[in-house]
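Colleague: Please take a close look at one chain of this model and describe how its parts are put together.

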Amino acid sequence: MKGARRRLGLSVVVLLLAAAAFPLYWTVRSSLVSEASLFQHPSLLPSPLTLEHYRALFQVRRFWLPIRNSLVVAGATTLLSVTLGSVCAYALARLRFRGRALLLSFLLAVAMFPQISIVSPLYLLLREVGLIDSYPGLVMPYLTFAMPLTVWLLVGYFRQLPPDLEEAAYVDGAGRFRTFWEIILPLSLPGLATTAILTFLYSWNEFLFALSFTVGPERQTVPVAIALFRGRYQVPWGEILAGVVVATLPVALLVVMFQRGIVSGLTAGAVKG
Amino acid sequence: MAELRFEGVRKVFAGGTVAVDDVTLEVRDGEFMVFVGPSGSGKSTLLRVMAGLEAPTGGTVRVDGEDVTVAEPRERDLAMVFQAYALYPHKTVRENLEFGLRMRGVKASERRERAEAIARTLGIAPLLHRKPAELSGGQRQRVALGRALVREPKAFLLDEPLSNLDPGLRLDARAELARLHRKTATTFLYVTHDQEEAMSLGDRVAVLREGRVQQVAPPMELYRKPANRFVAEFIGSPSMNIRRCTATARGTGGGVRIEGPGFDLHLDDGRAHELPHEILLGIRPHDVLPVDGDEAPRDADGEIELVEPRGSDLLVRLRLTPEAVLSVVAPPDLGAAEGDRMAVRLPPDRLHFFDPRDGTRVGPDGAS
């Protein structure tokens, strides 16, 4: 009975995994065949394989430019968002002050704005201060969406840390900032890592702002660059798919790397077991 | 070394709960003071107010005469041991012990020496490189103690530090605490809900209830002369028997007749005249004397409802009337069983009297 249920559960997992992984597999597979064979009889294991699309991607289209741009923008957004957001979230989680609940709901409301509704005002604003087609011109708008998310996630995380630990640190002679730095942050690494990954993914994949606030390839990010591959008379599917594979790699690597940081039970032993 | 003072301290929590209500109390230099009371009595809140973790709504807190009411915890130089220990889980035992010293700018070499010395005293030296998660409950408790001791603070605040230990370890840890207090000769302020722990550790014990101090006295005085009905019932196990009675003066000779459910006794003490007519009579189960034989003088008798063997003695529930039960601690060779009748004497010098209106102690001192 138990074994049967286990097998059932396992097969469901396998099915779900297959469903999720298949498009990815198909992308990788299609990026490795010639343009001509793309639309012939589809087969799971095609031959011959070719790197022609990847060569075109980097030699003709200078694809490393949008990759650099995306890394800079997403990295800066993540760094700023987690640094500022964690301090902000700690205050919201632990300090008692008037209007705290209101502030939190306001933060969430900001993140709920449909992006499209603020594209025009933001564009005018950025043009006014001369930040169109610049890194800050993307990072700052991203922060308006990333920060509320960061703060919300971290407020939840900080709240579930036992307040005893902070109190012990205060009595031991640490001030608020030392306590935050020495006790709270190290214990929050899993939460910080999760938040950082989500922010990075958001910034890496963001399309609308990136399309609206950049002008040329010098500042275009990966999603924009890929979208602009299509010409007037043809769609270079092979190169688009190769671009998608290259764009997915850093993100996948990042998740795998940070996963080690997401160690649950880091607080075990803090209070009685 | 420090004297701790609470002066008219009040603490009202958001929502209006009065946790501490006008407490004035002094913990003397080098004293082991215990705050004891049921949950919600405000004992932990008082401790946290002293530590600086809660700001009092009113009143003043002093350490060595200095007003620290609004001072940050780190400015008070007090150490605290938390009920759940609150060890820093990402730091090793050594780092836990050294943390307070590091925050106070003690040099690395001295930190090392002091941490190791404390670890040796507490028998945790082999654990210095471990993380709290790798320690047993008893070991964690020692590290928590060590973290407080190593700083050599002005005073120690302990919030139920033994309540998470197994009963077997608890007695040892209690003895260890008493030893450390003697050794450090520093002020200890200790909070517990366990009256036995309070009695065994405290130089003086403050009994708290609903945010108010009921009585502050050395343990034996609490036991012998409880200031009111609450203290009488809270201190001592099994709990004191308390029955509503009437006291009637008999002539001018000073004798008083006390009548209650299932008993009737006479007091010859002259001061018994001071008793109000309606009183509460209290007697500890240990003080009730079982008497043998049908002819022996007796103050009450009833049917044995339940006999609980406790090893060294028996706890007997004696039903005097359908409404009234008397707890009696009897010698193990009592020779009576459930359903038998038993007669008892209530020695006059072991009786306590309380005013039924407010529960305060009245009349002749029942204690010797």
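**Chain B, part by part**

Modeller: Among the contacts in chain B that join residues at least 6 apart in sequence, 64% are between residues at least 24 apart; two residues are in contact if their C-beta atoms, placed from the backbone, lie within 7 Å. The model is predicted: local features need pLDDT of at least 70, side-chain atom pairs count only at pLDDT 80 or more, and totals for chains, interfaces and linings use all residues. Residues are numbered from 1 along each chain as its sequence is written, while chains are lettered from A and ligands numbered from 1 in the order in which they are written.

Along the principal axes, the C-alpha atoms of chain B fill a box of roughly 80 × 45 × 35 Å. Chain B has 8 helices and 21 strands, taken as DSSP runs numbered from the N terminus (helices H or I, at least four residues; strands E, at least two).

One open sheet of chain B has 4 strands, in the order β2-β1-β4-β5, with antiparallel pairing. Two strands pair if DSSP finds at least two bridges between them. The edges of this sheet are β2 (18-27) and β5 (66-67) of chain B, and each of these strands pairs on one side only. Strand β4 (residues 58-63) of chain B is joined to β5(B) by 2 bridges, and the two run antiparallel. V63(B) is the residue that stands opposite E66(B) in β5(B). Helix α1 (residues 43-51) of chain B lies across β1 (4-12), β2 and β4 of chain B, at about 115 degrees to β1(B). Such angles run from 0 to 180 degrees between N-to-C directions, with axes fitted to C-alpha atoms, for helices over the stretch in contact.

To strand β17 (residues 314-319) of chain B, β16(B) is joined by 6 bridges, running antiparallel. Within that pairing, E303(B) has R319(B) of β17(B) as its bridge partner. The hairpin of β16(B) and β17(B) has 4 residues between the strands, and G311(B) takes a positive phi near 90 degrees there. To strand β19 (residues 341-345) of chain B, β16(B) is joined by 4 bridges, again antiparallel. Here D301(B) stands opposite A343(B) in β19(B). In general, strands of a sheet pair through backbone hydrogen bonds, either parallel or antiparallel.

Chain B also has a helix pair to look at. Helix α3 (residues 108-122) and helix α4 (residues 137-149) of chain B have axes that come within 10 Å and cross at roughly 135 degrees. From α3(B), the contact is made by I118(B), A119(B) and L122(B); from α4(B), it is made by R142(B), L145(B), G146(B) and L149(B).

Chain B also touches chain A. The contact takes 24 residues from chain B and 21 residues from chain A. On the side of chain A that touches chain B, α8 (163-171) and α9 (176-187) of chain A each supply at least two residues. α8(A) gives the most to that side, with 6 residues.
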